[in-house]
Amino acid sequence: MAIPSRTAKSGTYFITTATHNRRRLFQVERNATLLLETIDHYRTNYHLHAYVIMPDHLHLLITPTDITLERTIQLIKGGFSHRLASKLPVWQRGFTDHRIRDAADYNTRHSYLHQNPVTARLCESAETYPYSSANSKLHLDEYLSQ
């Protein structure tokens with residue numbers, strides 16, 4: 001009997017994944033823009049509710065559609081790495097996920113995600129940070145509580 005994946009359940013997830021050795025890869029505009037393009041490229045596989053690209057990590061609120069969460073993150077991370085074509089490692093292995101339990105949990109994570117660059121003193125307000133769904137360059141999908 002196969003053991004199901006920890007992320008085989010359908011649902012909405014708050015994801016955190018970091019660059020290798022916390023390298024500040026996304027403080028370079030070209031890299032942050034390339035990651036946004038990669039996230040948008042694989043949108044047929046998930047609903048994107050919110051995101052923020054920090055200098056050394058990424059937060060997402062996503063709902064995978066027809067594939068597992070692991071495969072979803074693999075597409076984003078692998079797709080970005082392939083496009084970047086770096087000779088150095090790009091991402092730390094794995095990612096952290098939190099399954100959203102209800103609308104209150106979603107709102108808490110959504111607020112945390114948008115306030116992350118403000119807390120890190122990268123901007124004065126979430127709406128002015130260029131790599132966040134608070135100032136979205138990408139179409140966002142509505143969250144439908146489960």
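## A charged trio around Asp105

Our tour of this predicted model starts with Arg101 and Asp105, whose side chains meet in a salt bridge, with 3.9 Å from N to O. How buried or exposed are the two partners? Arg101 is exposed, with a relative accessible area of 60%. Asp105 has a relative accessibility of 6% and counts as buried, because the cut-off for buried is under 20%.

Asp105 also meets the side chain of Arg109 in a salt bridge, and here the N to O distance is 3.5 Å. Find helix H3, residues 103–119, on your screen: Asp105 and Arg109 both lie in this helix, four residues apart, which is about one turn of the helix. Arg109 is partly exposed, at 25% relative accessible area. As a general idea to keep in mind, side chains of opposite charge can pair when their charged atoms come close.

How many salt bridges does the structure hold? There are five. One of them joins Asp56 to Arg22, and the closest N and O atoms of this pair are 3.4 Å apart.

Asp56 counts as buried, at 14% relative accessibility. Arg22 is partly exposed, with a relative accessible area of 41%, because this value falls between the 20% limit for buried and the 50% limit for exposed.

## A network of three residues

Now look for Asp40, Arg43 and Asp141. These residues are linked in a network of salt bridges.

## Two arginines with a positive phi

Back to Arg22 for a moment, this time for its backbone. Arg22 has a positive phi of about 55°, although it is not a glycine. You can find this residue in the loop between E1 and H1.

Which other residue has a positive phi, of about 60°, although it is not a glycine? The residue is Arg121. Arg121 is found in the segment after H3. With 76% relative accessibility, Arg121 counts as exposed, because the cut-off for exposed is over 50%.

## A cavity inside

Let us finish with empty space. Rolling a probe the size of a water molecule over the atoms shows where empty space is left. In this model there is one cavity of 30 Å³ or more, and the largest cavity has a volume of about 30 Å³.

Which residues line the largest cavity? They are Ile15, Thr17, Leu58, Leu60, Ile73, Ile76 and Lys77. By type, the lining divides into five nonpolar residues, one polar and one charged. Strand E1 (13–18), strand E3 (57–64) and helix H2 (69–84) each supply at least two residues of this lining. Which element gives the most to the lining? The answer is H2, with three residues.

Conventions:
Residues numbered from 1 in each chain as written. Predicted model: local features only at pLDDT ≥ 70, side-chain atom pairs only at ≥ 80, totals over all residues. Heavy atoms only, no water. 1 Å grid on protein atoms, 1.4 Å probe; cavity = no way out; pocket = protein on both sides within 12 Å on 5 of 7 lines; lining within 4 Å. Points joined across faces, edges and corners; volume = space filled by probe spheres on them. Nonpolar A, V, L, I, M, F, W, Y, C, P; charged D, E, K, R; others polar. Salt bridge = Lys/Arg side-chain N within 4 Å of Asp/Glu carboxyl O. Buried < 20%, exposed > 50% of the residue type's maximum accessible area, 1.4 Å probe, protein only.
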